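Welcome! Please take a moment to look over the sequence and the model below, and then we can walk through them together.

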Amino acid sequence: MEWSIDFVRDSLANGRVFRDFTVVDDFTRECPAIETFNGKLRDECLNESYFVNLRDAQLTIEVWRTDYNDTRPHCSLGS
């Protein structure tokens, strides 16, 4: 198994900074590198959301992550 890991930084409405720990399984997801994944997370979720608190950020990011992992076609799935 091979994993890529990174952190993505963002902030809440009150200015408090938080970091999101990102992990990509390079074995099953051969196409997207960690930088590509982080870019999609930033463009499709973080930049589009206004987080009122940390729990709001966690829930919003989890909904996006679930959609990204379970709904979308990925090259490793032959889609």
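Predicted model: local features only at pLDDT ≥ 70, side-chain atom pairs only at ≥ 80, totals over all residues.

Residues are numbered from 1 along each chain as its sequence is written, and side-chain values use heavy atoms, with hydrogens and water left out.

Aspartate 26 sits in the loop between β2 and α1. Its relative accessibility is 18%, so aspartate 26 counts as buried. The terms work like this: buried means under 20% relative accessible area, exposed over 50%, and partly exposed in between (1.4 Å probe, protein chains only).

**The chain as a whole**

The chain has 2 helices and 2 strands, and along the sequence they follow the pattern β-β-α-α. Helices (H or I, at least four residues) and strands (E, at least two) are DSSP runs, numbered from the N terminus. Of the 79 residues in the chain, 30% are buried. The accessible surface comes to about 5,300 Å², with 51% of it belonging to carbon and sulfur atoms; such areas come from the Shrake-Rupley method with a 1.4 Å probe, and for residues only the protein chains shown count as cover.

**The two strands**

Strand β1 (residues 3-11) runs antiparallel to β2, and 9 bridges join them. Two strands pair if DSSP finds at least two bridges between them. Tryptophan 3 has aspartate 25 in β2 as its bridge partner. Aspartate 25 also touches Glu2 as well as Trp3, not counting residues up to four places away in sequence; contact means heavy atoms within 4.5 Å. In the hairpin, 5 residues lie between the strands, and glycine 15 takes a positive phi near 95°.

| Residue | Relative accessible area | Class |
|---|---|---|
| Aspartate 25 | 15% | buried |
| Aspartate 26 | 18% | buried |
| Lysine 40 | 32% | partly exposed |

How far apart are the end C-alpha atoms of helix α2? They are 24 Å apart, which agrees with the 24 Å that its 17 residues (54-70) should span at 1.5 Å a residue. The expected span is 1.5 Å times one less than the number of residues.

Ala57, Ile61, Trp64 and Tyr68 are the buried residues of α2. Seen down the helix axis, they fall within an arc of 60°, so they line one face of α2; the arc is that of the directions from the helix axis to the C-beta atoms. The face turned away from this buried side carries the exposed residues Arg55, Val63 and Asp70. What covers the buried residues includes β2 (17-25) and α1 (34-46).

At the start of α2, a side-chain oxygen of asparagine 53 reaches to within 3.2 Å of the backbone nitrogen of arginine 55.

Lysine 40 belongs to helix α1. Not counting residues up to four places away in sequence, lysine 40 touches Cys45, Trp64 and Tyr68. Lysine 40 and tyrosine 68 are 28 residues apart in sequence, yet 9.4 Å apart in space, C-alpha to C-alpha.

How values were computed: Polar contact = N/O pair within 3.5 Å; in protein donor to acceptor, adjacent residues only side chain to side chain.
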